[in-house]
Number of protein chains: 2
Amino acid sequence: MTSPRVLIVDDQELIRAGFRLILTARGIDVAGEAGDGAEAVDAERRLHPDVVLMDIRMPVMDGLEATRRILARSPRCRVLMLTTFDLDRYVYSALALGASGFLLKDVTADHLAAAVRLVGTGDALLSPTITRRLVQRFAGAQPAVHRDLSPLTPRETEVLALLGKGLSNTELAATLTLSEATVKTHVARIFAKLELRDRAQAVVLAYETGLVTPGT
Amino acid sequence: MTSPRVLIVDDQELIRAGFRLILTARGIDVAGEAGDGAEAVDAERRLHPDVVLMDIRMPVMDGLEATRRILARSPRCRVLMLTTFDLDRYVYSALALGASGFLLKDVTADHLAAAVRLVGTGDALLSPTITRRLVQRFAGAQPAVHRDLSPLTPRETEVLALLGKGLSNTELAATLTLSEATVKTHVARIFAKLELRDRAQAVVLAYETGLVTPGT
DNA sequence: GAGGATCTCAGACCACGGTCCGATGCCATG
DNA sequence: CATGGCATCGGACCGTGGTCTGAGATCCTC
């Protein structure tokens with residue numbers, strides 16, 4: 001298992017030392033430390049770590065601004081935010097900046113190591129409370145899916161997804177390498193099952209169900 | 001480092017075997033396997049695993065329903081959803097059900113192991129794309145507007161908004177108390193100005209620009 | 001008051017989209 | 001092996017949708 005190189009950023013030296021102990025004891029390479037945001041930006045530029053463990057509250061330059069600058073220069077770098085409190089504004093702005101995850105400081109040693117390894121492999125993480133809150137927010141703004149897509153066969157779902165992109169029947173046939181006749185039957189079945197009339201209505205439903213999402 | 005006990009649920013035996021190999025090779029204890037949702041509920045009750053690796057698409061009972069039943073009985077159990085496609089509806093409903101995370105099946109072996117260890121310690125995870133999407137949804141604002149709506153006259157914008165709801169020309173004429181001929185000219189002008197071909201494409205553009213938003 | 005932009009409408013044309021009728025092959029389930 | 005679901009195709013039908021051309025009415029600005 002390849003181990004990520006880590007940069008530890010926190011204004012408290014004790015915390016840094018503790019983290020360094022925890023990580024090195026589990027075979028994770030600590031590339032360096034920084035005591036504030038400005039130092040962090042500097043250190044990242046020199047050391048090119050895979051993961052940055054970034055405290056939010058710090059003197060000189062806080063973790064959010066430091067994250068912004070680091071990711072602007074090194075988009076492939078993974079930033080794991082650390083904080084004592086799970087204040088919403090921190091979470092959302094950190095994630096909006098492109099941070100890969102968010103950890104409370106009361107994590108266990110094992111947990112911290114696992115989290116670092118995980119974001120090192122490229123995935124993001126969120127603590128359960130934060131994930132739940134995000135989902136709830138989303139669920140609140142998104143009142144249930146109108147119609148159920150389950151009666152559709154896999155192929156039909158595939159067709160609907162492309163239909164949701166606004167493709168014509170000929171384009172559909174081209175991208176799926178099918179005859180237009182086949183495309184028509186698929187489309188007709190979709191309409192029948194979902195009680196649609198138009199492909200326009202199909203596009204609406206694709207967006208409403210989340211089969212297609214804006215911005216992709 | 002304490003290792004979580006894992007239950008692998010997938011209808012494809014090859015997948016299960018592969019996952020078992022990956023996890024055991026990295027010192028993670030595989031408590032058992034299940035081939036569909038019903039078996040999974042059963043196995044979880046017998047084995048009490050810390051983590052369930054749950055495929056979504058399965059015969060008999062799908063992963064979502066199985067997750068619901070498992071978490072109803074064993075709320076401390078962590079469920080990690082697996083899927084081939086990152087279809088939104090799966091993501092949201094899975095997370096709403098209380099799943100701890102969501103993984104695409106093309107994960108690397110290291111990644112899978114790290115993810116299992118992480119959720120075993122209690123935290124949730126989301127793939128970067130999904131996290132980003134959640135945050136964007138939450139943030140509400142869809143900044144990336146492909147085409148500019150400014151060349152449209154007020155009336156045309158009004159028509160486009162209704163067009164985005166999937167209305168036909170006759171419905172359009174009815175709701176705006178216009179003749180169908182007038183509707184047609186408006187629609188034609190909109191198409192010309194925005195370089196659209198279909199009303200289907202118009203619906204897409206309405207959603208992409210934020211003129212129409214899902215859930216309203 | 002001349003001009004431009006906008007909103008309104010009409011008639012005619014044709015293609016694409018949607019429907020209905022068929023048909024075949026495949027595979028899983030029983 | 002028989003049944004049913006799924007995916008694939010063809011042909012024929014007709015209507016809505018989209019295009020073009022032209023035109024009257026209002027409201028603005030210059």
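This report describes the DNA contacts, salt bridges and aromatic pairing in a predicted model.

## Surface near DNA strand D

Sixteen residues is the extent of the protein surface around DNA strand D, and of these 16 residues Thr153(A), Thr182(A), His186(A), Lys184(B) and Arg199(B) come nearest. By class, the surface near DNA strand D comprises 4 nonpolar, 7 polar and 5 charged residues. Helix 7 (154–163) and helix 9 (180–194) of chain A, together with helix 9 (180–194) of chain B, are the elements that give two or more residues to this surface. Helix 9 of chain A provides the largest share, 4 residues.

Sugar or phosphate accounts for 71% of the atoms of DNA strand D within 4 Å of the protein, and bases account for the rest. A polar backbone atom of Ser179(A) is 2.9 Å from one phosphate oxygen of DNA strand D, and an N or O atom in the side chain of His186(A) is 2.7 Å from a phosphate oxygen of DNA strand D. On chain B, a polar side-chain atom of Lys184(B) lies 2.7 Å from a base oxygen of DNA strand D.

## Surface near DNA strand C

DNA strand C has 16 residues around it, of which Lys184(A), Arg199(A), Thr153(B), Arg155(B) and His186(B) come nearest. Of the atoms of DNA strand C that come within 4 Å of the protein, 70% belong to sugar and phosphate. The surface near DNA strand C divides into 4 nonpolar, 7 polar and 5 charged residues. At least two residues of this surface come from each of helix 9 of chain A, helix 7 (154–163) of chain B and helix 9 of chain B. The largest share, 4 residues, is that of helix 9 of chain B.

Polar contacts to DNA strand C come from both chains. In chain A, an N or O atom in the side chain of Lys184(A) is 2.8 Å from a base oxygen of DNA strand C. In chain B, a polar backbone atom of Ser179(B) is 3.0 Å from a phosphate oxygen of DNA strand C, and a polar side-chain atom of His186(B) lies 2.8 Å from a phosphate oxygen of DNA strand C.

## Salt bridges within a chain

Over all chains, the structure holds 20 salt bridges. Side chains of opposite charge can pair when their charged atoms come close. One of the bridges links Lys193(A) and Glu156(A), with an N to O distance of 2.8 Å. Lys193(A) lies in helix 9 of chain A and Glu156(A) in helix 7 of chain A, so this bridge ties together parts that are 37 residues apart in sequence. Lys193(A) is partly exposed, with a relative accessible area of 34%, whereas Glu156(A) is buried at 3%.

In chain B, Arg46(B) forms a salt bridge with Asp42(B), with the closest N and O atoms 3.9 Å apart. Both residues lie in helix 2 (residues 37–47) of chain B, 4 residues apart, about one turn of the helix. Arg46(B) is exposed at 57% relative accessibility, and Asp42(B) is partly exposed at 43%. A network of salt bridges also links Arg16(A), Arg20(A) and Glu33(A).

## The buried face of helix 7

In helix 7 of chain A, the buried residues are Glu156(A), Thr157(A), Val159(A), Leu160(A) and Leu163(A). Viewed down the axis of helix 7 of chain A, its buried residues fall within an arc of 160 degrees, so they line one face of the helix.

## Links between the chains

A salt bridge connects Glu171(A) and Arg197(B), whose closest N and O atoms are 3.0 Å apart. Glu171(A) lies in helix 8 (residues 169–176) of chain A and Arg197(B) in the loop between helix 9 and helix 10 of chain B, so the pair joins two chains. Glu171(A) is partly exposed at 28% relative accessibility, and Arg197(B) is partly exposed at 38%.

The structure holds 1 aromatic pair over all chains. The ring centres of Tyr207(A) and Tyr207(B) are 4.4 Å apart and the ring planes are at 5 degrees, so the pair is stacked. Tyr207(A) lies in helix 10 (residues 199–209) of chain A and Tyr207(B) in helix 10 (residues 199–209) of chain B, so this pair joins two chains. Both Tyr207(A) and Tyr207(B) are buried.

How values were computed:
Residues numbered from 1 in each chain as written. Chains lettered and ligands numbered in written order. Predicted model: local features only at pLDDT ≥ 70, side-chain atom pairs only at ≥ 80, totals over all residues. Heavy atoms only, no water. Phe/Tyr/Trp six-rings, centres within 6.5 Å; stacked < 30°, edge-to-face > 60°. Buried < 20%, exposed > 50% of the residue type's maximum accessible area, 1.4 Å probe, protein only. Near = heavy atom within 4 Å. Polar contact = N/O pair within 3.5 Å; in protein donor to acceptor, adjacent residues only side chain to side chain. Nonpolar A, V, L, I, M, F, W, Y, C, P; charged D, E, K, R; others polar. Salt bridge = Lys/Arg side-chain N within 4 Å of Asp/Glu carboxyl O. Arc of directions from axis to C-beta.
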